[in-house]
Amino acid sequence: MIETKDQFLAPVGGDRQTPDTDREVISEQIARLAKTPEQFRQIDTFMKRRTHMSQTSELALTDDMYAPYVINHGFELGKLGKVDDIRDLRTCFEQTPNGSQAPLILEIGFGMGDSLIEMAKNAPNRNFVGIEVHEPGIGRTAYLCHELGLTNLKVLSGDAIALLTNLPDEHLDAVQLYFPDPWQKKRHYKRRFVTEHRMQIVARTLKKDGIFHAATDWEHYALWMLEVLDHMAIFDNMSGKGNFTPRPDFRPQTKFEKRGFDYGRTSWDLMYRKIG
Ligand SMILES: C[S@@+](CC[C@H](N)C(=O)[O-])C[C@H]1O[C@@H](n2cnc3c(N)ncnc32)[C@H](O)[C@@H]1O
């Protein structure tokens, strides 16, 4: 009988970094993770790193002029922003031209923000919120929102899981997760954002018919996401079970994706509708 944390978290099939894309092995890996007791699963999906921050990014995080673009503006630099007291994202747009009832899209892990900014520019009637833990990206995105006069995009510093846990049911029209950290080593799979446990948290906050859209350039993670999401009764694969979605025109290339393409990698999109 498996009883200790180490036994639960031991990788299925060793810890080779070369991904095994056999669907049955992936299915076994997912099933085993799902059986892991709750206390062993509570682990971050990110690694907060100290990285260089440009003057403009720092300015945007510290000067009140940028407060309209950062929902938890004034969070302590070097620490994760506090989000567990946020109960509503719609009210943040009350004083903007779109108002609080416009379609609301949450992007998890927007990196340096280029693709999120592009999407917000291309869909002025929709409201966007991006959450990140990477301060230079949060600051840069807020700075550019101000430069571009964007009123339909706001960002947050913090852990998306902590935010989603306290949002009301059926709050969001869409959640997007583009090029999440692939956590390539088997012993790190538990850090992947897409697990059934975390996706239940996402699903609760989506409206009925709300969309979850993900993309990755890591084949094992692409198949992993397909396996996790296709088995969740609350989601309907918009391209049919077992299928990826052709890359939609509205998704701009992200910085991470571009780097992958430069190394000859491809990418996979997945789109699911909440049916519950
Ligand atoms: C590989 S990067 C991709 C960034 C961007 N989407 C792109 O494609 O260029 C993944 C990002 O997700 C962020 N991230 C991971 N887990 C997160 C979480 N729980 N909440 C907020 N951001 C998270 C990381 O900080 C990182 O910047």
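**Close-ups of a predicted protein–ligand model**

**View 1. Who surrounds the ligand?** Helix H10 gives the most to the shell around the ligand, with three residues. Helices (H or I, at least four residues) and strands (E, at least two) are DSSP runs, numbered from the N terminus. A quick word on the model: it is predicted, so local features need pLDDT of at least 70 and side-chain atom pairs count only at pLDDT 80 or more, while totals for chains, interfaces and linings use all residues. Residues are numbered from 1 along each chain as its sequence is written. Back at the ligand, 22 residues sit around it, and Gly-109, Gly-111, Phe-179, Thr-254 and Phe-256 come nearest. (A residue is near a molecule or strand if its C-beta atom, placed from the backbone, lies within 6 Å of it.) Strand E2 (127-132), helix H7 (160-166) and helix H10 (255-262) are the elements that give two or more residues to this shell. By class, the shell has twelve nonpolar, five polar and five charged residues. Here Ala, Val, Leu, Ile, Met, Phe, Trp, Tyr, Cys and Pro count as nonpolar, Asp, Glu, Lys and Arg as charged, and the others, Gly among them, as polar.

**View 2. Two helices cross.** Helix H4 (residues 55-62) packs against helix H6 (residues 135-148) at an angle of about 80°, and their axes are 7 Å apart. (Axes are lines fitted to C-alpha atoms, for helices over the stretch in contact, and angles run from 0 to 180 degrees between N-to-C directions.) That makes H4 roughly perpendicular to H6, a label for angles of 65 to 115 degrees; under 35 is roughly parallel, over 145 roughly antiparallel and the rest oblique. On the H4 side, look for Thr-56, Ser-57, Glu-58, Leu-59, Ala-60 and Leu-61. H6 brings Glu-135, Pro-136, Ile-138, Gly-139, Arg-140, Ala-142 and Tyr-143 to the contact. Two residues are in contact if their C-beta atoms, placed from the backbone, lie within 7 Å. Sorted by class, this contact has seven nonpolar, three polar and three charged residues.

**View 3. The buried side of H5.** In helix H5 (residues 114-122), Ser-115, Leu-116, Ile-117, Met-119 and Ala-120 are buried. Buried means that 20 or more other C-beta atoms lie within 10 Å of a residue's own; exposed means 12 or fewer, and partly exposed is in between, with C-beta atoms placed from the backbone. What do the buried residues of H5 pack against? Their partners are strand E1 (104-108), E2, H6, strand E3 (153-157) and E4.

**View 4. Two residues with positive phi.** Most residues other than glycine have a negative phi. Glu-170 has a positive phi, near 50°, and is found in the loop between H7 and strand E4 (172-178). Glu-170 has 13 other C-beta atoms within 10 Å, so it is partly exposed. Asp-209 isn't a glycine either, yet its phi is positive, about 75°. You'll find Asp-209 in strand E5 (residues 206-216), and with 10 C-beta neighbours inside 10 Å it counts as exposed.

View 5. Asp-230 lies in helix H9 (residues 219-230). Is Asp-230 exposed, buried or partly exposed? Asp-230 is partly exposed, because 16 other C-beta atoms lie within 10 Å. Leaving out residues up to four places away in sequence, Asp-230 touches Asn-237, Lys-241 and Gly-242. Asp-230 and Ile-108 are 122 residues apart in sequence and 21 Å apart in space, C-alpha to C-alpha.
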